[in-house]
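Please walk me through this structure in plain terms.

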Amino acid sequence: MKTLIVIPAFNEADNLMELLPELIKTVDCDVIVVNDSSTDKTTEVVKGFGLKCLTLPLQLGAWGATQTGIRYALKNHYDHVITMDADGQHLPNEVQALMNLYQQSNANVVIGTFPSRLSQLKKLAWRFFKLLTHIKIEDLTSGFRLYDKQAIQVLSCRQASLLDYQDVGVLLLLLSSGLTIQEVPVKMLNRNDGKSRVFSSWMVVLKYMVQTTTLCIANMGKRPIK
């Protein structure tokens with residue numbers, strides 16, 4: 001069973017210097033970093049550790065970079081993809097927790113969750129989205145996930161390319177495709193630089209809320225894809 005760890009990265013050279021050696025030491029699977037058109041030394045850092053780095057000619061955002069890695073996994077016949085952030089939040093020694101639950105369950109997707117990392121404002125937003133979508137998942141935004149081969153195929157499709165974030169839209173697409181999702185509690189750290197890329201300003205937050213609300217409303221009443 002082939003597993004690929006996909007790490008989207010935009011100007012994360014310093015954080016990758018800390019993450020990658022620990023990841024190499026801890027996990028026994030392939031690792032690929034998708035460089036989202038960074039202007040720092042992300043590519044040099046990744047290659048310095050002997051890992052493969054895909055560099056995008058245009059910045060696609062975290063989800064676009066993640067989907068690039070997922071499509072790479074599909075093309076190269078991987079059985080599973082584990083997505084991790086490059087910013088130091090996701091711990092290499094927690095990868096096994098995702099794999100353990102996958103092996104013990106029939107889930108197509110396993111999400112590593114750590115809800116206590118969320119601010120009260122974010123928790124309020126997630127309650128709102130859960131009411132709209134009826135998604136029964138505690139941590140909607142965790143990018144620490146394991147996808148099986150069916151999920152890889154779904155998330156490689158053109159429809160998934162229209163999404164901007166790896167959260168509600170991806171979950172709705174997976175669920176509407178008839179796939180099952182489970183969660184496992186994991187430990188996470190705060191970003192090393194303390195900044196959220198998704199919630200970097202009030203304008204970005206407003207855009208995110210409008211886009212995600214529209215997406216939720218558009219998916220109301222949809223039946224699972226057969």
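D79 is buried, at a relative accessible area of 17%; buried means under 20% relative accessible area, exposed over 50%, and partly exposed in between (1.4 Å probe, protein chains only). The model is a predicted one, in which local features need pLDDT of at least 70 and side-chain atom pairs count only at pLDDT 80 or more, while totals for chains, interfaces and linings use all residues. Residues are numbered from 1 along each chain as its sequence is written, and side-chain values use heavy atoms, with hydrogens and water left out.

The side chain of D79 forms a salt bridge with that of K149 (3.1 Å, N to O). This pair links distant parts of the chain, 70 residues apart: K149 lies in helix α6 (residues 149-155), and D79 in the loop between α3 and β4 (80-83). K149 is partly exposed, with a relative accessible area of 38%. A salt bridge here is a side-chain nitrogen of Lys or Arg within 4 Å of a carboxyl oxygen of Asp or Glu. Helices (H or I, at least four residues) and strands (E, at least two) are DSSP runs, numbered from the N terminus.

The whole structure has 2 salt bridges. E22 and K25 also meet in one through their side chains (3.4 Å, N to O). These two residues are separated by about one helical turn, because they are 3 residues apart in helix α1 (residues 13-26). An α-helix has 3.6 residues a turn, so residues three or four places apart point the same way. E22 is partly exposed, at 34%, and K25 is exposed, at 64%.

Now to two other helices. Helix α8 (residues 168-176) is largely enclosed by the rest of the structure, because 8 of its 9 residues are buried. Among them are V168, G169 and V170. After α8 comes G178, with a positive phi near 80 degrees. In helix α3, the buried residues include W63, G64 and A65. Just after α3, H77 has a positive phi of about 65 degrees.

S38 sits in the loop between β2 (30-35) and α2 (42-48). S38 counts as buried because its relative accessibility is 16%. Apart from neighbours within four places in sequence, S38 is in contact (heavy atoms within 4.5 Å) with A9, F10 and N11.

The structure holds 0 disulfides, a disulfide being a pair of cysteine sulfur atoms within 2.5 Å. C53 is buried, at 12% relative accessible area, and C157 is partly exposed, at 27%.
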